[in-house]
There are 2 protein chains.
Amino acid sequence: MYTRAEENYLKCIFHLEQEHKGAISTNAIAQMMNTKASSATDMIQRLADKELVSYRRYKGTTLTKAGAAVAVAVIRKHRLWEVFLVEKLNFQWDEVHVIAEQLEHIQSEELITRLDKFLDHPDYDPHGDPIPDKDGNIKRTEKKVLSEMNKGQHGILVGVRETSGEFLQYLDKRNIAIGTKIKVLGKEFFDGSMIIQVKREQFFISKKIAENLYIQV
Amino acid sequence: MYTRAEENYLKCIFHLEQEHKGAISTNAIAQMMNTKASSATDMIQRLADKELVSYRRYKGTTLTKAGAAVAVAVIRKHRLWEVFLVEKLNFQWDEVHVIAEQLEHIQSEELITRLDKFLDHPDYDPHGDPIPDKDGNIKRTEKKVLSEMNKGQHGILVGVRETSGEFLQYLDKRNIAIGTKIKVLGKEFFDGSMIIQVKREQFFISKKIAENLYIQV
DNA sequence: TAATATTTTTAGTCTAATCTAAAATAAGTT
DNA sequence: AACTTATTTTAGATTAGACTAAAAATATTA
């Protein structure tokens, strides 16, 4: 099995690969892991020794098949636990991320199989992210970042990119949740800010907010 | 907060203090922790620095108030998770100990508060051990070790000392579970073995088995 | 293309937790 | 009381994971 730190690095690299394509820079990894580049180099070299990533000095890192499998397994556990925390223990969606970061490292196949069944095989976590299946397959739905949409377009919120408490609470305060219908009423090209319609209300939102909302059109 | 290793040592010392009274020897701790005496000494000294145990070289170790509080909190978490695994995920009672040993280290007050409520504030875990309350109070019921009982006496099984899979499966095979009525039909003074009545069956059991069954008379 | 800036890696420390081997203390026995 | 044995502690090494500071490679810009 893999250490907690190894799993966290692999998960981090996986997430970075989703957004940027091509090899991931050491600095990007260090930044996301809240650590120093030297520490990241260290770990990347260990992961490379174990053939979980392929790495060329100064050229960046990519996950191998094996590394991606580990990352996806951890992500599956994280998201299933999030569902448990929200559905069964009545946590708010902004409270679960931190706890799930611990629970995702519990080692037991059987536990996850049973948890999945107990939760009735959920497809998405409370933030709208798809839950990988046992074999690591991830249901990829086509979704747009709200910031890329234009005036007059609409769709429903199917996911959030950020999962920080501050951001989720911002959404809660405005009654914006997964499943909410959102329409772009106006878009300012200078700063990318928008006016959006949510139910019967209208909100001004900055580009930064819009970049963190995934919409299915 | 405390490290996983620190929590495990404290828990270990707590359990040893329940059985033997007086200061706990370094060897006893090392043995229970499956480690070397030198490693135990090391950790004990660290725990002493943090005032979680009181320790005098060569004389043994006892928990301080603070140390006992940490131990009890971990035990509370362990036992609540065991209830969850058996009651909600339908694990067998012999499968849960290992998983709970991981879950007991998850750090979140709120999680445990909610888990406790979700499980409807259970008083005992699947092995019959009492679950400490939020403030660390443990319901102590008077119970006897079966091996100390004599011919003709009877009572019901309220707990087991061992929680290894092998032992619990041994009991399962004979339909002995928490709540089962047990009567001592005979006792051999030479080796402490017994013949017991369980429901309509009779079993021969060794002293070692009898020492691991707690009976309420 | 040379100079400068940025990124990445290496070298050397540090801490927690473990180990082995050796030394110190305590307990048991003649 | 002295010798032997068992227990416990110390000393020194190791590993994972992190750090700082310095060196090396790459990228940028004049």
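User: Which helices each supply at least two residues of the surface near DNA strand C?

Analyst: This is a predicted model, in which local features need pLDDT of at least 70 and side-chain atom pairs count only at pLDDT 80 or more, while totals for chains, interfaces and linings use all residues. Residues are numbered from 1 along each chain as its sequence is written, and chains are lettered from A and ligands numbered from 1 in the order in which they are written. The helices are α2 (26–32) and α3 (37–49) of chain A, together with α1 (4–19) and α3 (37–49) of chain B, a helix being a DSSP run (H or I) of at least four residues and a strand a run (E) of at least two, numbered from the N terminus. The largest share, five residues, comes from α3(B).

User: Why is α4(B) called oblique to α5(B)?

Analyst: The axes of α4 (65–88) and α5 (96–103) of chain B come within 9 Å and cross at roughly 130°, where axes are lines fitted to C-alpha atoms over the stretch in contact and angles run from 0 to 180 degrees between N-to-C directions. Angles under 35 degrees count as roughly parallel, over 145 as roughly antiparallel, 65 to 115 as roughly perpendicular and the rest as oblique, and therefore α4(B) is oblique to α5(B).

User: How do you know that β3(B) and β8(B) pair?

Analyst: Pairing requires that DSSP finds at least two bridges between two strands, and two bridges join β3(B) to β8(B), which run antiparallel.
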